[in-house]
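Subject: Structure handover

Hello,

Here is the structure for your files. My notes follow below it.

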Amino acid sequence: MSTVTQPIGPKPTLAGTPWRERAEEALIPPFVALLVALICGDLLILSYGQSPAAVYRLLLEGTWGNAYGFGQVLYKATTLAFTGLAVSFGLRAGLFNIGGESQLAAGGFAAALTGLALPVGTPLLLALPTCMIAAGLAGGVVGSVPAYLKTRFGAHEVIVTIMLNFIVLALLNWFIAGHLHVPETLHTPEIHAGALPRLADMDPRFHGSAANLALVVAVVVAFAVWFYLFRARGGYDLRAVGLQPPAAEYGGISVGRVWMRALTFSGVIAGIGGINYVLGYKHYYEDGFASGAGFLGIAVALVGRNHPFGVLVAAFFFAALSQGGLAIHAFVPKQMMDVLQGVVILAVAMAVPEVRGILRGARRRIDA
């Protein structure tokens with residue numbers, strides 16, 4: 001008498017394999033959010049009496065349609081990638097780093113001082129790592145202040161980082177204006193070593209664009225953050241604390257140490273971003289260069305879902321909107337792009353949880 005062997009393992013479902021489910025939840029909600037944002041953008045453009053198709057065509061031509069515009073998008077995306085990665089790194093530990101602007105400025109200032117201190121003719125292979133280390137250390141020092149105050153006294157990192165923005169930026173302004181500025185300006189002298197090549201040096205079509213090889217550094221940092229978060233023990237501890245601090249503490253993880261490490265490394269990442277302007281674009285530190293980049297980095301991190309590669313995509317998207325605003329100002333006010341950025345953030349915040357809930361509910365009904 002034959003027996004029927006029952007299959008071992010979970011029952012197959014019609015909803016799809018786990019990788020397919022993850023892909024659906026990663027791609028469909030942002031697509032819906034983008035669709036909502038485009039509809040709102042259409043309504044805004046129509047309110048000015050313009051054709052949405054004509055405005056969007058001009059936006060694409062001014063960003064991706066020519067080498068200069070595309071280069072400017074890459075340049076702006078590079079800075080936003082660093083600040084977005086910094087914010088997302090802190091959020092993975094359950095911490096909200098609002099100090100990206102001061103950390104970025106401190107990193108740029110340290111990179112400029114190092115570039116000035118190095119002798120003329122220092123090879124780039126030596127000057128670049130030295131300037132990057134200085135930038136990262138400066139950003140890390142600024143980031144470690146709220147980390148220490150939180151772990152030692154329980155001070156909330158949002159309040160401390162906001163206050164530090166004013167303190168650090170004011171100190172840098174005082175130092176530049178009073179001690180290290182070129183006459184009639186608010187910037188330092190040009191650095192002696194460490195200048196990064198621009199894309200225009202390799203491709204003449206990018207002539208006039210500020211895009212430079214700091215873009216490559218941003219991609220490398222994104223890969224390093226991904227590896228740390230998802231392949232290293234320290235990243236596991238950090239994500240565990242971000243999900244449930246009491247449970248992580250019960251499991252033997254020192255929550256205070258993780259918070260200290262998360263905010264400090266977050267500052268390091270933002271600080272390294274200062275090389276994009278100082279080493280890659282102007283070749284000097286200028287007061288106010290980091291204005292707005294830290295706060296926009298928060299939006300980049302949220303839209304990128306706190307994933308390093310998602311942050312890169314979101315940085316590119318927000319940079320395209322920023323550069324596109326310059327291209328379409330003849331048809332609609334440039335500030336419309338700022339409004340559209342806010343719409344994108346709200347659409348992601350509202351649409352992503354709702355769409356994911358709908359997808360999961362549909363799977364449960366199919367499996368039933």
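**Surface patch**

Leu113, Ile159, Met163, Phe166, Ile167, Leu171, Trp174 and Phe175 make a nonpolar surface patch of about 830 Å². Patch members have over 30% relative accessible area and no salt bridge, with nonpolar side chains (Val, Leu, Ile, Met, Phe, Trp, Tyr) joined within 5 Å; areas come from the Shrake-Rupley method with a 1.4 Å probe, and for residues only the protein chains shown count as cover. Helix H6 (residues 157-179) gives the most to the patch, seven residues. Helices here are DSSP runs (H or I, at least four residues), numbered from the N terminus. Leu113 lies in helix H4 (residues 100-117) and is partly exposed, at 33% relative accessible area. The classes are buried for under 20%, exposed for over 50%, and partly exposed in between.

**Basis**

This is a predicted model, in which local features need pLDDT of at least 70 and side-chain atom pairs count only at pLDDT 80 or more, while totals for chains, interfaces and linings use all residues. Residues are numbered from 1 along each chain as its sequence is written, and side-chain values use heavy atoms, with hydrogens and water left out.

**Cores**

The largest nonpolar core has 87 residues, and Phe89, Leu238, Ile269, Ile275, Leu279 and Tyr285 touch the most other members. Helix H3 (residues 67-92) supplies the largest share of this core, ten residues. Apart from it lies another core of ten residues, including Ile45, Leu59, Leu321 and Met337. A core is a set of buried Ala, Val, Leu, Ile, Met, Phe, Trp, Tyr and Cys residues joined through side-chain atoms within 4.5 Å.

Beyond its neighbours within four places in sequence, Leu279 is in contact with Ala111, Leu128, Cys131, Ile191, Gly194, Ala195 and Leu196. Contact means heavy atoms within 4.5 Å.

In H9, the buried residues are Gly234, Gly235, Asp237, Leu238, Ala240 and Val241. They pack against H3, helix H8 (214-231), helix H10 (245-250) and helix H11 (255-272).

The count of salt bridges comes to three, the criterion being a side-chain nitrogen of Lys or Arg within 4 Å of a carboxyl oxygen of Asp or Glu:

- Asp237 with Arg233, closest N and O atoms 3.0 Å apart. The two are four residues apart in helix H9 (residues 233-243), so about one helical turn separates them. Asp237 is buried at 11%, whereas Arg233 is exposed at 62%.
- Asp203 with Arg205, closest N and O atoms 2.8 Å apart. Asp203 is buried at 18% relative accessibility; Arg205 is exposed at 63%.
- Glu157 with Lys150, closest N and O atoms 3.2 Å apart. Both Glu157 and Lys150 are buried.

**Aromatic pairs**

The whole structure holds 16 aromatic pairs. Rings of Phe, Tyr and Trp (its six-membered ring) pair if their centres lie within 6.5 Å; planes under 30 degrees apart are stacked, over 60 edge-to-face, the rest tilted.

Phe70 and Phe316 are edge-to-face, 6.0 Å centre to centre with 65 degrees between the planes. This pair links distant parts of the chain, with Phe70 in helix H3 and Phe316 in helix H14 (residues 308-327), 246 residues apart. Phe70 is partly exposed at 27%, and Phe316 is partly exposed at 24%.

Tyr277 and Phe289 are stacked, 4.8 Å centre to centre and 20 degrees between the planes. Tyr277 lies in helix H12 (residues 275-282) and Phe289 in the loop between H12 and helix H13 (293-303), so the pair ties together parts twelve residues apart in sequence. Tyr277 and Phe289 are both buried. Ring pairs also link Tyr75, Phe109, Trp174, Phe175, Tyr277, Tyr281, Tyr285 and Phe289 into a cluster.

Regards

Terms used: Buried means under 20% relative accessible area, exposed over 50%, partly exposed in between (1.4 Å probe, protein chains only). Patches are made of residues with over 30% relative accessible area and no salt bridge: like charges are joined within 9 Å, nonpolar side chains (Val, Leu, Ile, Met, Phe, Trp, Tyr) within 5 Å.
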